[in-house]
Amino acid sequence: METRELRYFVAVAEELHFGRAAQRLGMAQPPLSRAIQRLERRLGVTLFDRTNRTIALTEAGTVLLREGRAALDAVAAAERRTRRAVSGRPGLVLVTKAGATGELLSKLLDAYAAEPGAATVDVLLCQPGEQERLLRDGRADVALLHRPFDSTSGLDAEELYTEGQVAVLPAAHPLTNRPHLRTADVAALPGLPLPRWPGPGGTYPPGPGPEVRDHAQLLQLIALGRASAILPDSCLPHLDPRLAAVPVLDAAPVTTVIAWPPHSRSLPLAALIRIALRLGSEHGSAALVQGG
């Protein structure tokens with residue numbers, strides 16, 4: 001397969017509409033449709049279930065979407081990193097979600113800057129769910145990710161620390177008097193729906209909750225009595241008096257990891273990872289002391 005064909009397929013698979021995909025690609029619809037048909041014939045599979053009004057991905061199409069995105073990211077990453085290698089800027093680009101891992105990030109940057117021969121580290125702050133893509137497509141060299149929300153499949157990664165989650169509610173809500181909650185309690189709150197975050201294609205899943213782009217926006221909506229949320233414990237220092245947090249017993253633990261492209265031979269990156277592991281261990285030990 002050619003990268004051009006993969007780009008065509010991914011556009012149609014994300015839009016689920018040939019007209020919108022053609023507009024996104026800057027081409028006419030008939031040649032796009034013919035290109036997808038040729039791809040299906042060559043692969044010997046049906047990628048889309050088509051009706052007069054809708055199209056949907058088949059199982060084979062779902063697999064190719066996942067693999068195609070990864071392949072296009074790898075090509076883009078190779079191009080970007082090759083250009084950066086001769087740009088005269090040998091530093092590192094670290095991507096992390098805005099508003100997350102703030103304390104760890106600050107300590108990491110300070111400790112790394114004190115290393116002899118430390119490279120310049122540019123910090124790229126992004127919206128939730130974007131940091132994985134920025135790492136995979138070469139716009140970043142290293143990322144702070146959060147399992148289970150982010151995938152590290154195909155990346156090298158090391159766990160830094162794990163934390164629980166809390167329900168964030170308006171401070172005056174009656175449930176804030178409870179010692180703990182369960183996810184079902186939060187999901188069923190009348191008038192306080194859980195938020196909807198954008199997916200990889202930038203579209204929002206259906207549901208009653210408000211569409212949100214960042215944590216500052218979400219916390220404002222909660223303070224206004226328009227939403228609730230289940231967030232990692234690390235959000236606690238960022239809560240103002242209008243908000244309250246209650247531990248959620250059955251919420252999945254959140255593990256912060258440092259991730260980077262496989263087979264990297266960057267010595268500055270290796271030093272940054274080593275410091276992150278040390279700081280992550282110290283963070284986890286401090287959390288155990290406070291929790292004990």
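Reply: Ala167 stands opposite Val246 in strand E9. Ala167 also stands opposite Ile230 in strand E8. The model is a predicted one, in which local features need pLDDT of at least 70 and side-chain atom pairs count only at pLDDT 80 or more, while totals for chains, interfaces and linings use all residues. Residues are numbered from 1 along each chain as its sequence is written, and side-chain values use heavy atoms, with hydrogens and water left out.

Strands are DSSP runs of type E with at least two residues, numbered from the N terminus. Two of them pair if DSSP finds at least two bridges between them. Strand E7 covers residues 165–170. Five bridges join E7 to E9 (residues 243–247), and the two run antiparallel. With E8 (residues 229–232), E7 pairs over four bridges, also in the antiparallel sense. E7 is mostly covered, with six of its six residues buried; buried means under 20% relative accessible area, with a 1.4 Å probe and protein chains only.

Elsewhere, an open sheet of five strands has the order E4-E3-E5-E10-E6, with mixed pairing. Its edge strands are E4 (121–126) and E6 (156–163), each of which pairs on one side only. Neighbouring strands of this sheet are turned by 25° against each other on average, direction ignored; the axes are lines fitted to C-alpha atoms, and angles run from 0 to 180 degrees between N-to-C directions. E6 pairs with E10 (residues 254–260) over seven bridges in the antiparallel sense. In that pairing, Glu163 stands opposite Val254 in E10.

Methods
Buried means under 20% relative accessible area, exposed over 50%, partly exposed in between (1.4 Å probe, protein chains only).
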